[in-house]
Amino acid sequence: MAGEQDEGAAGLVLRGLLAGLAGVAAMTAAEKIEQALTGRPNSYVPAHTLERVLGLPHRPDRERLGLNWAMHWGQGIALGVARAVMARGGLRGPMGSFLFLNLRLLNDQSLENATGVGAPPWTWPVGEQVVDLLHKGVYAFAAGAVADRLVQGGRHAGGSPERGPYR
């Protein structure tokens with residue numbers, strides 16, 4: 001896959017969706033391990049955010065598992081396309097993944113705060129900030145590793161597709 005010269009838009013989108021899937025799977029696994037160790041309960045913020053976006057009536061968390069999964073997995077998979085575009089444009093490796101981490105955080109916070117479900121992260125307890133950053137970091141770097149593997153890099157200002165930047 002990575003060796004193709006012109007993968008086209010559909011191929012780029014597909015590779016991005018695969019990268020997003022890998023990222024959200026890694027993040028979900030990390031969350032479950034962390035929750036087993038800390039006893040932290042599941043968050044239903046994704047469900048309530050999607051509930052507001054779709055204009056659905058508020059329901060208790062126990063009735064929102066499907067919405068929670070739809071938002072958690074759907075948002076993570078869809079955002080992988082942005083990481084694939086970044087990889088294609090030369091924003092690759094750890095720096096590309098770090099930049100993508102910020103895009104993921106911006107996406108979450110924009111939706112959660114615009115719908116009134118969330119609060120600005122600087123108002124959260126420090127422990128919650130750390131947990132969110134760690135999980136989103138796992139997502140961003142896992143999705144980035146897959147995108148960088150599946151998507152051929154293009155030419156950019158800092159180097160060439162053959163050499164990359166600064167070699």
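View 1. The model shown here is predicted. The patch is formed by Leu91, Met95, Phe98, Leu99 and Phe141. Together these residues have about 470 Å² of accessible area. Phe141 lies in helix α5. With a relative accessible area of 37%, Phe141 is partly exposed.

**View 2. The aromatic pair of Phe100 and Tyr139.** A pair of aromatic rings is described by the distance of the centres and the angle of the planes. The count for this model comes to one aromatic pair. Phe100 and Tyr139 form this pair, with 5.6 Å from centre to centre and 35 degrees between the planes. Phe100 is in helix α4 (residues 93-114) and Tyr139 is in helix α5 (residues 126-150), so the pair ties together parts that are 39 residues apart in sequence. Phe100 has 0% relative accessibility and counts as buried. Tyr139 also counts as buried, at 0% relative accessibility.

**View 3. Arg104 and the ring of Tyr139.** Arg104 lies over the face of Tyr139. The distance from the ring centre is 4.7 Å. Tyr139 is the residue in helix α5 that pairs with Phe100 of helix α4.

**View 4. Asp108 and the residues it touches.** Asp108 has its place in helix α4. At 5% relative accessibility, Asp108 counts as buried, because the limit for buried is under 20%. Leaving aside residues up to four places away in sequence, Asp108 touches Gln75 and Lys136.

Notes: Residues numbered from 1 in each chain as written. Predicted model: local features only at pLDDT ≥ 70, side-chain atom pairs only at ≥ 80, totals over all residues. Heavy atoms only, no water. Phe/Tyr/Trp six-rings, centres within 6.5 Å; stacked < 30°, edge-to-face > 60°. Helix = DSSP H or I, 4+ residues; strand = E, 2+ residues; numbered from the N terminus. Buried < 20%, exposed > 50% of the residue type's maximum accessible area, 1.4 Å probe, protein only. Lys NZ or Arg CZ within 6 Å of the ring centre and 35° of its normal. Contact = heavy atoms within 4.5 Å. Patch = residues over 30% accessible without salt bridge, like charges linked within 9 Å, V, L, I, M, F, W, Y side chains within 5 Å. Areas by Shrake-Rupley, 256 points an atom, 1.4 Å probe, with all protein chains shown as cover. Salt bridge = Lys/Arg side-chain N within 4 Å of Asp/Glu carboxyl O.
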